[in-house]
Amino acid sequence: MSLLDIAQWLQDTSISTGIRESVWTFPIIETTHLMALAFSVGIIIFVDLRLIGAALRDQPFTEVFHRLQPMALKGFVVNVVSGGLLFLSEPVKCYHSTYFMIKLVLLFLLGVNAIGFQYITYPTVSAWDKAMATPFGARLAGWASLLFWLGVIVMGRAIAYAGH
Amino acid sequence: MFPILLPFFRWCDASWLSLEIRASTWQFAIIEMIHLLGLTMLLGTLWVLDMRLLGLGMRRQNPAELAKDLARWMWTGLWVMLISGVLLFFGEPMKLFGSPSFHVKMFLLVLAIGFQLTLFRRVVTDKQASAAIDKVVACLSLALWFGVGLAGRGIGFL
């Protein structure tokens with residue numbers, strides 16, 4: 001059974017058809033996805049900006065991280081759920097969409113980046129927590145995150161433009 | 001929209017800028033993506049600030065200090081939104097003329113910017129402001145900007 005077969009099977013389910021052919025359900029899910037992204041990514045960029053030493057420099061990194069990351073994570077959960085429903089409503093289109101694939105890869109890379117930062121750079125945080133100039137690992141993680149999120153947002157919007 | 005504005009919308013529709021933007025699908029799409037990125041930065045700044053007023057998120061700085069710290073990001077986000085927004089407008093003036101969502105968005109946008117630059121700023125820099133007023137102001141800010149965002153997305157539907 002190929003991925004396309006699975007996508008087609010999902011597309012034929014009543015929930016998929018229901019969302020896709022609805023008048024209000026799809027717009028509501030999509031708008032929720034957009035608002036949740038503005039919230040979660042909008043907030044997390046400040047953690048990233050602190051990592052690269054561009055914003056909130058007089059606050060220790062751990063302070064910025066612990067205050068903002070939990071909120072961003074909650075918003076992100078809403079994005080995952082709404083995103084899952086959006087995918088569910090048109091799995092075949094997503095299967096054929098290069099933009100969707102790139103978006104998934106970028107999300108995966110964001111995860112890798114977060115885990116890498118957590119286990120490689122974060123353990124040394126007490127050495128650079130209050131510094132305005134952060135170590136290479138921190139700046140790399142911050143820039144990577146900002147660029148990957150930029151890509152996710154651009155690719156996400158592009159999916160709607162993709163040919164069928 | 002108000003009929004008196006129709007000549008203006010028609011003029012925009014016939015302008016060089018409008019024809020340029022409509023010349024290719026990708027031009028409009030890229031401007032839209034920039035609008036989306038600007039939205040993330042602008043709303044991100046406002047969320048952090050509003051959360052502070054609600055007693056959530058950042059807590060070591062008082063609202064005035066946080067606002068000052070974040071000011072350049074808020075203004076950057078706002079300018080990116082306004083410029084890309086104007087370009088998007090020129091991309092489809094007549095459609096927007098007839099769009100109820102667009103009317104609502106513009107109305108809320110004027111309110112939101114006006115509110116942000118007056119009452120909000122006042123409360124944030126006023127050391128005497130009570131926690132209750134802080135919360136009301138934060139909720140109003142969230143509601144107005146959330147409304148702008150919702151109405152903006154609604155343009156695609158209504």
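This is a predicted model: local features need pLDDT of at least 70, side-chain atom pairs count only at pLDDT 80 or more; totals for chains, interfaces and linings use all residues.
Local features here need pLDDT of at least 70, side-chain atom pairs count only at pLDDT 80 or more, and totals for chains, interfaces and linings use all residues. Residues are numbered from 1 along each chain as its sequence is written, while chains are lettered from A and ligands numbered from 1 in the order in which they are written.

Student: Are α3(A) and α7(B) parallel, antiparallel, perpendicular or oblique to each other?
Tutor: Helix α3 (residues 25-51) of chain A packs on helix α7 (residues 131-154) of chain B, with axes 10 Å apart and an angle of about 140°. Angles under 35 degrees count as roughly parallel, over 145 as roughly antiparallel, 65 to 115 as roughly perpendicular and the rest as oblique. The two helices, α3(A) and α7(B), are therefore oblique.

Student: Which residues of α7(B) make the contact with α3(A)?
Tutor: Two residues are in contact if their C-beta atoms, placed from the backbone, lie within 7 Å. From α3(A) come A:Thr31, A:Leu34, A:Met35 and A:Ala38. From α7(B) come B:Phe146, B:Gly149, B:Leu150 and B:Arg153.

Student: How are α2(A) and α4(A) oriented to each other?
Tutor: The axes of helix α2 (residues 14-21) of chain A and α4(A) come within 8 Å. They cross at roughly 95°. The helices α2(A) and α4(A) are therefore roughly perpendicular.

Student: Which chain B residues does A:Leu68 contact, leaving aside neighbours within four places in sequence?
Tutor: Within chain A, A:Leu68 touches A:Ile43, A:Ile44, A:Phe46 and A:Val47. From chain B, the partners are B:Val48 and B:Gly57.

Student: How many residues does α3(A) give to the side of chain A that touches chain B?
Tutor: The contact takes 23 residues from chain A and 25 residues from chain B. On chain A, the elements giving two or more residues are α3, α4 and α8. The largest share comes from α3(A), with 11 residues.

Conventions: Axes are lines fitted to C-alpha atoms, for helices over the stretch in contact, and angles run from 0 to 180 degrees between N-to-C directions. Helices (H or I, at least four residues) and strands (E, at least two) are DSSP runs, numbered from the N terminus.
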